[in-house]
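Dear colleague,

Please find below the structure that I am handing over to you. My findings follow directly after it.

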Amino acid sequence: MNMIGLLTASFRGCVWLLALLVLPVVAADTVKIGMTFPNTGRYKNLGIDQARGALLAIDEINAAGGVLGKPLELLLSASGRKGKEQEHVSELVNAGVSMAFGSSLQPQATATAAANANLLYFDTLFHSPGDRIQRPTVFYASYDAWMAAKTLAFYINQSLGGKKMFYITSDSPGGLMTEQILRKFTHTTDLSVHGQSLTRFPGPRRKEFIAAVEQARDDGAEVLVLVQAGDDLAKALQVIHELGLTTALKIVAPNMTLSVARAVGADMLEGVIATVPWSWQVAKDYRYGDGVRFTEAYVARYETNPSALAATAYSLVWHYQRVAEEAGTLDSRTLAKRLEGLTFTGLKDPQSWRRFDHLSVQSVYVVTGKPREQVMQGSLREDYFRVVSNIAGQIIVPTEKEVAERAWE
């Protein structure tokens, strides 16, 4: 029998429900949605954030009558190990989910498995444009490396133009592609001037970051670009701080998350330049009413601020409910057709699902780390970033021609 870890909508604070019994799912009186994500190890927090955001939306939706008259229920596959993507999607499908969201260590494999099962699936993780598959029921809710690089380039070319840059890049397809795209838009393609050091993926060692940062310093770099993610980005920032180079080098991190900010703290974030698709500071600064209300509800429930992934999961669950209600069905193909080209407003300004590749065309924000004393003034001491600019999705998204020609290569 296929087994699914059953999540309920009643937990608070930092409690993670993987401690619940793993139960067979047999109930047919709920609308089931699934989440795919590694739920242990170095990526666990990304799953926790999404589950929290989704469960908050589920509580609100169920209080308002559910989906097509039935309550929503969230299911999580029992394990998120690499190489088990097909198995995890099959578990969710066999349990009767009508939609799933999240990602995995091999996102293409998960998306392909969902598409082959005719399951409506939303990938929520920052990705490179080359990672996308074009299938009728697969959508991409996050911004991609092209959008982040182009957004950063506008800021870098204006504020840091002409400075010598050095890239410390994860030796992975996504890392290498992100660096290549950023070099293209910042006109730093000459490796003899703007150097590079690669770190292994997965699991780069601390000594690799030490050697890379020292190489950048000795090379006379003025701007250090950390093409890293998650714990790897946190490790790189910690090394820079320990070597006393936090202020000597301008740090750029294309993919910043709230979990990384919490891991390293305000001292290591001051002045760091990064991009985000959403943050609670964005909602506050731009006065996005639904974003502010979501933040307040999330803080009241979990006693911490929401991450962009939590906001994405919350928005997707509500988005699914509204589209299903309008269509009067849970059929994946029918709902996917309704989503194509649809413009909607979630927790920020309007965004839309592009027809040909199902990418979410959305604004991306440039943020910079605040001084520690300002961060400490906030009630939760998490006011890490100041929003310095934003670029509309229509300006930064790769065009259909660029996607067809794989311009990032």
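L68 lies in the loop between α1 and β4 (72-77), where helices (H or I, at least four residues) and strands (E, at least two) are DSSP runs numbered from the N terminus. Its phi is near 55 degrees, a positive value in a residue other than glycine. With a relative accessible area of 36%, L68 is partly exposed; buried means under 20% relative accessible area, exposed over 50%, and partly exposed in between, with a 1.4 Å probe and protein chains only.

Please note that this is a predicted model, in which local features need pLDDT of at least 70 and side-chain atom pairs count only at pLDDT 80 or more, while totals for chains, interfaces and linings use all residues. Residues are numbered from 1 along each chain as its sequence is written, and side-chain values use heavy atoms, with hydrogens and water left out.

Two further backbone features deserve mention. R381 also has a positive phi, of about 55 degrees, although it is not a glycine. This residue is placed in the loop between α14 (372-375) and β17 (385-391), and R381 is exposed, with a relative accessible area of 51%. The peptide bond from F201 to P202 is cis, with omega near -5 degrees. P202 belongs to the loop between β9 (196-199) and α6 (206-218).

Turning to the overall fold, the protein contains 16 helices and 17 strands. Its C-alpha trace spans about 65 × 50 × 40 Å along the principal axes. Of the 409 residues, 58% are buried. Contact means heavy atoms within 4.5 Å, and among contacts between residues at least 6 apart in sequence, 67% join residues at least 24 apart.

Next, the aromatic residues. Rings of Phe, Tyr and Trp (its six-membered ring) pair if their centres lie within 6.5 Å; planes under 30 degrees apart count as stacked, over 60 as edge-to-face and the rest as tilted. By this rule there are 14 aromatic pairs. In one of them, the rings of F122 and F139 have centres 5.7 Å apart and planes at 35 degrees, so the pair is tilted. This pair links distant parts of the chain, with F122 in strand β6 (residues 120-123) and F139 in strand β7 (residues 138-140), 17 residues apart. F122 is buried at 2% relative accessibility, and F139 is buried at 0%. One aromatic cluster is formed by W278, F294, Y298, Y302 and Y314.

I61 is part of helix α1 (residues 44-63) and is buried, with a relative accessible area of 0%. Not counting residues up to four places away in sequence, I61 touches G66, V67, L72, V317, W318 and Q321. The C-alpha atoms of I61 and W318 are separated by 7.3 Å, although the two residues are 257 apart along the chain.

T275 is in strand β12 (residues 273-276) and is buried at 0% relative accessible area. Leaving aside neighbours within four places in sequence, the contacts of T275 include Y143, A148, T151 and L152, as well as V364, Y365 and V366. Between the C-alpha atoms of T275 and F101, 174 residues apart along the chain, the separation is 22 Å.

N255 sits in the loop between β11 (250-253) and α8 (258-264) and counts as buried at 14% relative accessibility. Apart from neighbours within four places in sequence, N255 is in contact with F126, Y143, Q228, A229 and L233.

Yours sincerely
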